[in-house]
Amino acid sequence: MISPPSCPVCQSQSVRQVITIPSVPAHCCILWNTQQEAVNCPKGDIHLTFCGECGHLYNPAFDERLMEYSPNYENSLHFSPRFQEYSKGLIRRLTESYQLYGKDIIDIGCGKGDFLKMICSYGHNRGYGFDKSYQPELEDPTHKVQQNGVEFIRDYYSEKYAHYPADFIVSRYVFEHIPQPRNFLQDIKNTARRRNPNITFYFEVPNILYTLRDMGIWDLIYEHCSYFSAPSLTRIFESMDFDVLHVEEKYMGQFLSIEAQTGNGSSLSFEPYVEVEEVRHRVDRFALEFQQKMEHWKNRLTELQKLGQQTVVWGGGAKCASFLNFLDTSGVIEHIVDINPRKKGKYMAGSGQEYVMPEDLKRLRPDTVILMNPIYEDEIRSTLRELELNPDILIA
Ligand SMILES: [Zn+2]
């Protein structure tokens, strides 16, 4: 076996492959209009690899060419009231800590710009949002849009934007998509520092320790080529000569954030609250759990197929995409139930199941329903009762 390339965070060669998942959809959340398109969607392999030196996990098989972010890419977290509350609290805290009043703020990968607009209006700041997939509400042929003191640039942030001023740079849920995070961070820092040597950075990413602790094997997706842990996130900023001020878990542990200042990386040495050793321990257990869980489900699906059981999956997000694509579900599971009416009649990337609404189950009469998220079990049981159905319920 060829050894995987060195760690993208610390460049160590002491890395090892943890698990391999072949042929998963490059974009797990794109809905397809026909089953044929869904089945033939672009796919890639996940070779989850662990660096024992800095505690980072990554996918060296990631192919950036498969990632064409377009305005169709919908990350709808913003619509969750709980997430909005979380963002508001975060804005209050950052504004107080870093005196973000009348400052210049750059948001790298701002998405639809909700966070940037909020932080700018809160402290009367000026904002510059960069996102290749930015979609203005009103089409504008120039790739620049102004909205209440916030300017959106439909492009990647690069040297050609060095004239934009920055006191504070924020980037949320972007870093985990970057195959060469060192270059990415270095380029941002070099560009922004031309106008101001003292900039505070705030980056937020999914927390791999949460996935490992939760044994969330269905949380692995192709789009995430980097899985940061507290030690690896701290390490990459320190090695780029940042002074790390703060690293913490957020949103019930699901996210990880770092606050750092452009400095020389020597005046402060930040002690992460999690050691690489703990990540290693979790990685070992996770690898074992992954094999066991996959075996369990392979057997279970074979049984259901032999018995000729009509089986559906309930809940069609990223977890569902992984469940249906990591396993061979063709001929066993034909439908996914989701309460979102926009998904009805569309098809799941890769595995090609059709999305249906709960009321369609009256016609499909499933013997077995597989739930992706046990949180909704009570709600789904009561919907099934209303539909006068009594299938077996399994938790994925
Ligand atoms: Zn490393």
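This dialogue discusses how to read several features of the predicted model shown above.

Biologist: How many residues does helix H4 have, and what span does it reach?

Modeller: Helices (H or I, at least four residues) and strands (E, at least two) are DSSP runs, numbered from the N terminus. The expected span of a helix is 1.5 Å times one less than its number of residues. Helix H4, residues 181-193, has 13 residues and reaches 18 Å from its first C-alpha to its last, close to the 18 Å expected.

Biologist: Which residues of H4 are buried?

Modeller: A residue is buried if 20 or more other C-beta atoms lie within 10 Å of its own, exposed if 12 or fewer, and partly exposed in between, with C-beta atoms placed from the backbone. In H4, the buried residues are Pro181, Phe184, Leu185, Ile188, Thr191 and Ala192. They cover an arc of only 140 degrees around the axis, which puts them on the same side of H4; the arc is that of the directions from the helix axis to the C-beta atoms. In general, an α-helix has 3.6 residues a turn, so residues three or four places apart point the same way.

Biologist: What covers the buried residues of H4?

Modeller: Contact is the criterion here: the C-beta atoms of two residues, placed from the backbone, lie within 7 Å. The cover of the buried residues of H4 includes strands S5 (104-108), S9 (168-172) and S11 (226-227), as well as helix H6 (230-239).

Biologist: Is H6 mostly covered or mostly uncovered?

Modeller: H6 is mostly covered, with eight of its ten residues buried. Its buried residues pack against H4, strands S10 (200-206), S12 (242-250) and S13 (255-262), and helix H7 (276-306). Phe237 lies in H6 and counts as buried, because it has 24 C-beta neighbours inside 10 Å. Leaving aside neighbours within four places in sequence, Phe237 is in contact with Phe242, Val244, Ile258 and Ala260. After H6 comes Asp241, with a positive phi near 65 degrees.

Biologist: Where are Arg365 and Glu388 found?

Modeller: Arg365 is in the loop between helix H9 (361-364) and strand S18 (368-371). Although Arg365 is not a glycine, its phi is positive, at about 40 degrees. Arg365 is exposed, with 11 other C-beta atoms within 10 Å. Glu388 is in the loop between helix H10 (377-386) and strand S19 (392-395), and its phi is also positive, near 60 degrees. Glu388 is exposed, with 7 other C-beta atoms within 10 Å.

Biologist: What is the strand order in the open sheet of four strands?

Modeller: Strands of a sheet pair through backbone hydrogen bonds, either parallel or antiparallel. Two strands pair if DSSP finds at least two bridges between them. The order in this open sheet is S1-S3-S4-S11, with antiparallel pairing. Its edge strands are S1 (15-25) and S11, each of which pairs on one side only. Strand S4 (residues 57-58) and S11 pair over two bridges, and the bridge partner of Tyr58 in S11 is Ser226.

Key: Residues numbered from 1 in each chain as written. Predicted model: local features only at pLDDT ≥ 70, side-chain atom pairs only at ≥ 80, totals over all residues.
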